[in-house]
Amino acid sequence: MYRTTRSPMMQPLVNSGMGMAPFFKVTVFEQEHFQGKCLEFTSECCNIQDCGLDNIRSIRVESGAWVGFEHHDFQGQQFILERGEYPHWDAYSGSISYHVERLMSLRPIYCASHQSSRMVIFERENFMGRSVEICDDYPSLQAMGWMMPEVGSMHVQCGAFVCYQYPGYRGQQYIMECERHSGDYQHWRNWGSHCQTPQIQSIRRIQH
């Protein structure tokens, strides 16, 4: 197994009790089950092929929360990557029907704060219509009283959330952050380059 470390000169730090250490760290592997050539990152990577890997097929997140993307330059399907091991694509895909075993770029989610995350979802675009504040995890928006299968717009006040197309945290994933768009997602097309529908049926806070 080949290992290469890529680390920027400046990066977020945290006191680990044994001195200062990187707060964000992920190791990606070219083959499933943590085999083959691997790279270690402590900051964003906009194109994994520029770093010498053809693809990412397994991931070990050692610290921080990350988001992976289907294409380079943070485009395409989004995949939430929290602390833990992902031996293959199915472990982080969210059971999307569009099966694509490809992950070409990734970046940290610096604003993730599980305890203090808070957002407001709106019935219609441009923050219009009925609204509900979200500050917990909801495997079914319908069960909490949101009767529509769609969300028109969102305002993330603090922290970061992952929204799913279907109940039970399944389907397309959309990462919503207070530091992106100033937390304002006025239209479902702001959710990501892969977004084709305003359908959102489960939401949870991102673990840091």
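A strand is here a DSSP run of type E with at least two residues, numbered from the N terminus. Met154 lies in such an element, strand 13, which covers residues 153-158. The structure described in this briefing is a predicted model. The protein contains 17 strands and zero helices. Of its 208 residues, 48% count as buried.

**Overall architecture**

- Among contacts between residues at least 6 apart in sequence, 66% join residues at least 24 apart.
- The accessible surface of the protein amounts to about 9,900 Å², and carbon and sulfur atoms account for 46% of that surface.
- An unreviewed UniProt entry places the feature "domain: Beta/gamma crystallin 'Greek key'" at residues 24-63, 64-110 and 117-158.

**Met154 and its surroundings**

- Met154 counts as buried because its relative accessibility is 0%, and the cut-off for buried is under 20%.
- Leaving aside residues up to four places away in sequence, Met154 touches Met119, Val120, Ile121, Phe122, Phe127, Cys163, Met176, Gly183, Asp184, Tyr185, Trp191 and Ile200.
- One of these contacts, Asp184, is 30 residues from Met154 in sequence, while the C-alpha atoms of the two residues are 6.3 Å apart in space.

**The largest pocket**

- The largest pocket has a volume of about 240 Å³.
- The pocket is lined by 14 residues, of which Gln78, Arg107, His181, Trp191 and Gly192 are the closest to its centre.
- Strand 8 (75-81) and strand 15 (170-177) are the elements that each give two or more residues to this lining.
- By class, the pocket lining consists of six polar, five nonpolar and three charged residues.
- Trp191, named above among the residues closest to the pocket centre, is also one of the residues that Met154 touches.

**The cavity**

- The residues lining the largest cavity are Glu32, Ile56, Arg57, Trp89, Tyr92, Glu101 and Arg102.
- This cavity lining comprises four charged residues, three nonpolar residues and no polar residues.

- Most residues other than glycine have a negative phi.
- Asp73, which is not a glycine, has a positive phi near 60°.
- Asp73 sits in the loop between strand 7 (66-71) and strand 8, and strand 8 is one of the elements that contribute to the lining of the largest pocket.
- Asp73 is classed as partly exposed because its relative accessible area is 41%, which lies between the cut-offs of 20% and 50%.
- Ser182 likewise has a positive phi, about 55°, without being a glycine.
- Ser182 is located in the loop between strand 15 and strand 16 (184-185), and strand 15 also contributes to the lining of the largest pocket.
- Ser182 is classed as exposed because its relative accessible area is 60%, and the cut-off for exposed is over 50%.

How values were computed: Residues are numbered from 1 along each chain as its sequence is written. This is a predicted model: local features need pLDDT of at least 70, side-chain atom pairs count only at pLDDT 80 or more; totals for chains, interfaces and linings use all residues. Side-chain values use heavy atoms; hydrogens and water are left out. Helices (H or I, at least four residues) and strands (E, at least two) are DSSP runs, numbered from the N terminus. Buried means under 20% relative accessible area, exposed over 50%, partly exposed in between (1.4 Å probe, protein chains only). Contact means heavy atoms within 4.5 Å. Accessible areas come from the Shrake-Rupley method with a 1.4 Å probe; for residues, only the protein chains shown count as cover. UniProt positions are given in the numbering used here, feature names are shortened, and annotations may be inferred rather than shown by experiment. On a 1 Å grid over the protein atoms alone, a cavity is a set of points where a 1.4 Å probe fits but cannot get out, and a pocket is an open set with protein on both sides within 12 Å along at least five of seven lines; lining residues have an atom within 4 Å of a point. Grid points are joined across faces, edges and corners, and a volume is the space filled by probe spheres set on the points. Ala, Val, Leu, Ile, Met, Phe, Trp, Tyr, Cys and Pro count as nonpolar, Asp, Glu, Lys and Arg as charged, and the others, Gly among them, as polar.
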